[in-house]
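Open the model in your viewer and keep a selection panel handy.

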Amino acid sequence: MRDNRKIDRLDFLILCIITLVYAVMSFINLGDTAAPTTQPEMENNQYITYVTLEGEKHIDKIVLFKGLGVCNVSVYNSTDNGATWNELAKDSFSSDEGEVYKWLTIDVDCVTNFICLTFGVDDDLEVFEAGVISEDGEVLNVTTSNDCKLFDEQQYVPANPTYMNETYFDEIYYVRTAAEHLKGDYPFECSHPPLGKLIIALSVTVFGMNPLGWRIMGNLFGIMMIALMYLFGKRLFKNTFFATAATLFLAFDFMHFTQTRIATIDSFSIFFIMLMYYLMYIYYDSSVEQLSHKDAMKVLALCGIAFGLGISTKWLCVYAGIGLAVLFTLALIKRTKQGDDPLKTCLWCVLFFIVIPFCIYFMSYIPYFISMPNQSIFKTFWDNQMYMLNYHSGLTATHPFESPWYEWPLLIKPMWYYGNAAVAPLGYCSTIVALGNPIVWWLGSLCMILLALKPKKCSGEWFVVIGFLSQYLPWVIISRATFIYHYFASVPFIILALVYILKMLSDKFKWGKGVTIALLCIAFVLFCMFYPVISGNITSRDYVMNVLKWFESWILCY
């Protein structure tokens with residue numbers, strides 16, 4: 001008998017087409033492929049450079065591309081070829097204030113043809129490039145008094161910086177930490193385990209310290225989620241059409257698109273959650289005849305590795321472990337009745353789900369150990385665990401975009417990540433907002449309720465419900481500030497619930513598939529409609545405010 005759970009040629013073709021199309025879409029305007037990399041040598045904690053313009057110019061501002069460190073900058077001008085200097089402006093920039101791998105602005109507003117920049121610096125300062133911007137928004141040509149590396153990569157200087165050429169939102173923490181790991185420094189951001197930042201560091205090592213370099217790995221994980229959803233859907237529904245539907249619903253989801261294109265650690269943690277649940281479902285869905293004890297142990301070992309990678313990225317994945325434990329117990333009971341050895345399985349699973357994950361988790365801290373050579377590795381490890389626990393349990397800060405768990409499925413308050421008025425013409429805007437596709441989130445959450453309340457549930461339905469509850473219920477008791485993107489881990493499960501209900505309709509009524517196709521079309525149309533505000537593309541502000549702003553609580557642009 002043909003096993004409908006397995007991927008055949010048609011499945012492989014569909015999977016490749018959807019993944020490829022999504023990949024192309026996701027890479028459009030992901031970020032610049034290059035950024036300034038050279039920097040001047042600072043001596044005696046200061047640096048001075050003299051700049052000559054091509055004639056007298058009206059200067060609006062000076063921009064600096066700063067990496068790590070703290071710098072104090074003063075700008076002087078001269079109208080008599082340097083005989084006298086007048087201080088125009090001074091400013092201080094620090095990585096601790098989020099001013100890292102960003103184009104920073106010093107307003108000067110003067111008419112001159114000679115400028116002097118002085119830097120008071122610390123030992124770790126990184127300033128890669130500077131630019132002089134005219135009142136017309138033009139990057140002015142300059143000559144310097146020496147071979148100044150502050151003005152040697154002028155092709156990268158933007159008159160008005162955007163998300164394409166600098167960090168935005170929480171990238172300021174994760175990109176900074178990735179850079180610190182590469183330098184062997186103790187990281188600034190240590191409220192989450194290290195693996196996600198190490199993946200970003202690997203990405204930067206391969207592709208360079210530029211926006212594409214620090215975002216590409218998260219985007220690749222987002223692309224892999226699309227392929228993994230197809231595998232999951234085919235295994236769960238045993239049907240090519242509904243596996244395709246589940247995959248397209250994920251591809252059309254706004255949160256998935258936005259959240260995997262920003263250099264944070266969510267792409268990695270959600271991928272590992274999907275992977276560990278997919279592997280557990282293989283075990284959960286197979287009889288002893290279909291999956292021998294030996295093969296079952298291989299699957300569980302891989303599941304444990306995915307769990308270890310997940311918790312090494314974000315503690316969010318510990319919640320997933322609770323669901324895995326419940327599902328494993330249910331599967332073990334079933335397989336024991338079929339003659340499998342429960343004691344041997346449990347002993348192996350101590351290794352797979354406790355020992356191996358802990359080893360992966362502990363080894364992810366190697367960069368911390370390297371940065372603290374004079375301290376015991378166990379103390380370094382333990383101190384960070386206590387710091388994370390105290391940080392998350394004691395966080396009392398409020399945020400204008402925070403929202404409680406019960407608002408997420410309803411899309412009450414999206415998270416505004418980026419907005420820039422300077423790069424858009426009058427009446428237009430560039431903005432990036434994290435929210436879900438309404439048709440996916442509203443119907444998916446409703447279908448999850450229907451699936452949970454369904455009197456007689458098959459094993460696959462129980463699996464989806466338990467997976468969802470393990471990711472969603474813990475947020476009910478968490479008192480710290482929470483945000484809509486915390487629902488991201490639940491999105492794959494509400495999509496599976498949505499498709500489960502649609503498949504039931506299709507099995508019962510001839511028009512069931514038609515409803516599925518109609519909903520996919522609506523999801524696609526909504527994705528196209530909202531694409532400008534989830535991608536940062538410049539669009540009409542009237543369109544955003546009059547067409548896309550469905551509720552007063554939705555802040556979509558400045």
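Select strand β8 (residues 428–434) together with β9: the two pair in the antiparallel sense over 2 bridges. Strands pair here if DSSP finds at least two bridges between them. Helices (H or I, at least four residues) and strands (E, at least two) are DSSP runs, numbered from the N terminus. Before going on, note that this is a predicted model, in which local features need pLDDT of at least 70, side-chain atom pairs count only at pLDDT 80 or more, and totals for chains, interfaces and linings use all residues. Residues are numbered from 1 along each chain as its sequence is written, and side-chain values use heavy atoms, leaving out hydrogens and water.

Now click on Y428, whose bridge partner in β9 is S540.

**Second stop: the nonpolar cores**

Select Y101, F249, I273, M276, Y277, M280 and Y417, the residues with the most contacts inside the largest nonpolar core, which has 158 residues. Such a core is a set of buried Ala, Val, Leu, Ile, Met, Phe, Trp, Tyr and Cys residues joined through side-chain atoms within 4.5 Å. Buried means under 20% relative accessible area, exposed over 50% and partly exposed in between (1.4 Å probe, protein chains only).

Helix α7 (residues 266–284) gives the most to this core, with 15 residues. Centre on M276: leaving aside neighbours within four places in sequence, M276 is in contact (heavy atoms within 4.5 Å) with C303, A306, F307, G310, C317, A320 and L324. A second, separate core has 25 residues, including Y47, L64, L140 and C148.

Staying on helix α7, pick Y284. Y284 counts as buried because its relative accessible area is 6%. Beyond residues up to four places away in sequence, Y284 touches L327, L330, A331, K334, S459, G460, W462 and F463.

Select H192, Y391, H392, L395 and R480, the closest to the centre of the largest pocket among its 36 lining residues. About 1000 Å³ of space lies in this pocket. On a 1 Å grid over the protein atoms alone, a pocket is an open set of points with protein on both sides within 12 Å along at least five of seven lines, and lining residues have an atom within 4 Å of a point. Grid points are joined across faces, edges and corners, and a volume is the space filled by probe spheres set on the points.

Colour α12 (377–394), α2 (171–183), α9 (316–337) and β7, each of which supplies at least two lining residues. Which of the elements gives the most to the lining? That is α12, with 6 residues.

**Last stop: a loop tyrosine**

Finish at Y365, in the loop between α10 (342–363) and α11 (366–371). Is Y365 buried or exposed? Y365 counts as buried, because its relative accessibility is 0%. Not counting residues up to four places away in sequence, Y365 touches P193, P194, F381, N384, Q385 and M388.

Note on methods
On a 1 Å grid over the protein atoms alone, a cavity is a set of points where a 1.4 Å probe fits but cannot get out, and a pocket is an open set with protein on both sides within 12 Å along at least five of seven lines; lining residues have an atom within 4 Å of a point.
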